[in-house]
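Thanks for passing this one along. Here are my notes, as numbered points to read beside the model.

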Amino acid sequence: MAKDLAFTCSACGASTSKWSGKCEACGAWNTIHEDTGLAAGPKKTSIGGRRGKTLKLTDLATQEAAPPRTLAGVDELDRVLGGGLVKASALLVGGDPGIGKSTLMLQAAARFARNGLKVIYVSGEESNAQVQMRAQRLGLEKSPVMLASDTNLRDILTTLEAEKADLTIIDSIQTMWADHVDSAPGSVSQVRTCAHELTTFAKTHGMSVIMVGHVTKEGAIAGPRVVEHMVDTVLYFEGERGHQFRILRSVKNRFGPADEIGVFEMTGKGLAEVRNPSALFLSERGEPAPGSVVFAGIEGTRPVLCEIQALVAPSPHSQPRRSVVGWDGGRLAMIMAVLESRCGVPFTGLDVYLNVAGGLRISEPAADLAVAAALVSAREDAALPKEAVIFGEISLSGALRPVIQTENRLKEAQKLGFTSAIMPRLPKGTGAAGLELREMQDLAGFVEQVFGARQG
């Protein structure tokens, strides 16, 4: 019986049943290689020669059912991790080059080492002397962290097995090289193999491993998406080079809530945690201006207030521009269509620019009403009250829908000195004392009450 062959593209990770010179998925040439697959089992057996161990769910010990956690002592990092680092877990931290991933990991390694963990920091991009220089600049030269500078995966695993570390940080996974894989370091095959070997080693030896990965132009971690499925937690380190703060966002977490964020500020001595992100995002907001709206949002489990800015100007082109930063462009088109069809506010022949101030990225639909308010405010050149926050979801019929965690949003707004809130109608018994609540039923009523007569 002929053996079934499988081939994989080393550039994009696509699989095929036959070899070809050109990959049909990404168009690269001479990147199709045969997968070695799993080793064959003993002869005269259809599946394998060793029976795997099973265990009843009810027989799990308390320690196995709830792995112990170790706190880093940095509230923002512990929040994103879901309450601390879980033993025998695998984490993947991605971000743009130069955004501060190595700085964050070195500071985290020092924190965990001070809290009793045996930490090994493996750098494939810098020598030990260079890492020590960075540690001196950050004031971490006396931290009990072990350093290693290597890229050969076999040597790294041998070192980890001998040292029996509690936490290993790999910086970065793209520089690791498995000598049994016939491809260059950083290729899809190498990244996938190294991530799999490190994750398996962490699970079998009770060691936690944090792998650092670079992102592509599209914002995804370089390498196949299967790497994200291998690990327990995926974190993205985001931020704009022109701003001093960075956001650590959890997009996957098997041991805690996803979509949680931690906010850090980049200083001369490294990253400092920001305990009140709302005040930071609104710190540069001046007097009320047309197109400026304060949105009360929820990031993970915490309320975050930020400024949404809009600019509407006559377009000199036949096709008006629609530019969005920090929000979904498709949702912007939907909001503009609802404003035109349900409220009589046209945007034909107008360029529209939308920006979330501070580099924050918003994904929740609760920002619909704030975006609509910013668009109408910019179009009509009418500023909204400075002390008001806005939130609410807009349906295609123009109706306003209530959103989750309304009370937390209102309490955060009140804490920062806001006196009023514009939002959808609330169920009885909800709200925040001390705030003037302006409840709206639909978008047309909102435009008429806030901006005067209905536009025509």
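1. Let's start with S420: which residues does S420 touch? Leaving aside residues up to four places away in sequence, S420 touches E387, A388, V389, L435 and E436, where contact means heavy atoms within 4.5 Å. S420 is found in strand β22 and is buried, with a relative accessible area of 8%. Buried here stands for under 20% relative accessible area, exposed for over 50%, and partly exposed for what lies in between (1.4 Å probe, protein chains only).

2. A word on the ground rules. This is a predicted model, in which local features need pLDDT of at least 70 and side-chain atom pairs count only at pLDDT 80 or more, while totals for chains, interfaces and linings use all residues. Residues are numbered from 1 along each chain as its sequence is written, and side-chain values use heavy atoms, with hydrogens and water left out. Helices (H or I, at least four residues) and strands (E, at least two) are DSSP runs, numbered from the N terminus.

3. Next, have a look at helix α11 (residues 406–415), where T406, R409, L410, E412 and A413 are buried. Seen down the axis of α11, these residues fall within an arc of 160°, so they line one face of the helix; the arc is that of the directions from the helix axis to the C-beta atoms. K411 and K415, on the other side of α11, are exposed. The cover over the buried residues includes α8, β15, β16, β19, β22 and β23. Just after α11, G417 takes a positive phi of about 95°.

4. Now the largest nonpolar core, which has 65 residues; L339 and L375 are those with the most contacts inside it. Such a core is a set of buried Ala, Val, Leu, Ile, Met, Phe, Trp, Tyr and Cys residues joined through side-chain atoms within 4.5 Å. Helix α10 (residues 368–380) gives the largest share of this core, nine residues. Why does this core lie between domain 2 and domain 3? Domain 2 (69–275) and domain 3 (280–451) both give residues to the core, so it lies between them; the bounds come from an automatic or database domain assignment.

5. Finally, strand β12 (residues 245–253): seven of its nine residues are buried. Six bridges join strand β11 to β12, antiparallel, with Y236 opposite R249. Five bridges join β12 to β13, also antiparallel, and F245 stands opposite E265 there. Strands pair if DSSP finds at least two bridges between them.
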